[in-house]
Amino acid sequence: VHLALNDLADMDNDMKKRMYTIPVLYGVDGTIRWIVAFAALHAVGLVLLVGHRSTNVIMGGICAFLFLSVAVCYVIRRKDAIGGVRALPFAHMSLLTYALTFLIGTVL
């Protein structure tokens with residue numbers, strides 16, 4: 001999801017450099033479908049892990065997924081590079097939240 005958002009934000013540059021990234025290959029609509037599909041797959045993975053982790057890890061995972069959901073909503077609402085740019089901070093917060101959650105879950 002993060003890589004597709006990043007590529008969406010920089011699609012014009014990728015086209016100029018003839019780089020075959022997800023937005024260049026599938027277009028904006030295909031990239032949005034890619035992002036939504038992998039976010040849904042991510043949700044399935046989160047549900048599967050719920051029974052195997054502590055409450056802190058579950059709550060952190062839910063918070064991270066909420067950040068990811070906001071990023072996906074930005075991209076769905078604004079179907080262009082600006083939507084990708086606005087979504088990236090939320091995707092980064094999601095990654096940071098997951099990393100901190102896993103570290104905390106490992107220590108505690």
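A residue counts as buried when its relative accessible area is under 20%. By that cut-off, buried residues make up 29% of the 108 residues in the protein chain. The model is predicted. The chain has five helices and zero strands.

**Fold and dimensions**
- Read from the N terminus, the elements run α-α-α-α-α.
- Helix α5 spans residues 81-107.
- Along the principal axes, the C-alpha atoms fill a box of roughly 50 × 20 × 20 Å.
- Take the contacts between residues at least 6 apart in sequence: 61% of them join residues at least 24 apart.

**Surface and charge**
- The accessible surface of the protein chain is about 6900 Å².
- Carbon and sulfur atoms account for 68% of that surface.
- The side chains include 9 positive and 6 negative ones.
- The centres of the positive and negative sets lie 4 Å apart.

**A residue to look at: Thr101**
- Thr101 sits in helix α5.
- Thr101 has a relative accessible area of 9%. The cut-off for buried is under 20%, so Thr101 is buried.
- Leaving aside residues up to four places away in sequence, Thr101 touches Asn56, Val57, Gly60 and Gly61.

Methods
Residues are numbered from 1 along each chain as its sequence is written. This is a predicted model: local features need pLDDT of at least 70, side-chain atom pairs count only at pLDDT 80 or more; totals for chains, interfaces and linings use all residues. Side-chain values use heavy atoms; hydrogens and water are left out. Helices (H or I, at least four residues) and strands (E, at least two) are DSSP runs, numbered from the N terminus. Buried means under 20% relative accessible area, exposed over 50%, partly exposed in between (1.4 Å probe, protein chains only). Contact means heavy atoms within 4.5 Å. Accessible areas come from the Shrake-Rupley method with a 1.4 Å probe; for residues, only the protein chains shown count as cover. Lys and Arg count as positive and Asp and Glu as negative; His and the chain ends are not counted. The place of a charge is taken as NZ of Lys, CZ of Arg, CG of Asp or CD of Glu.
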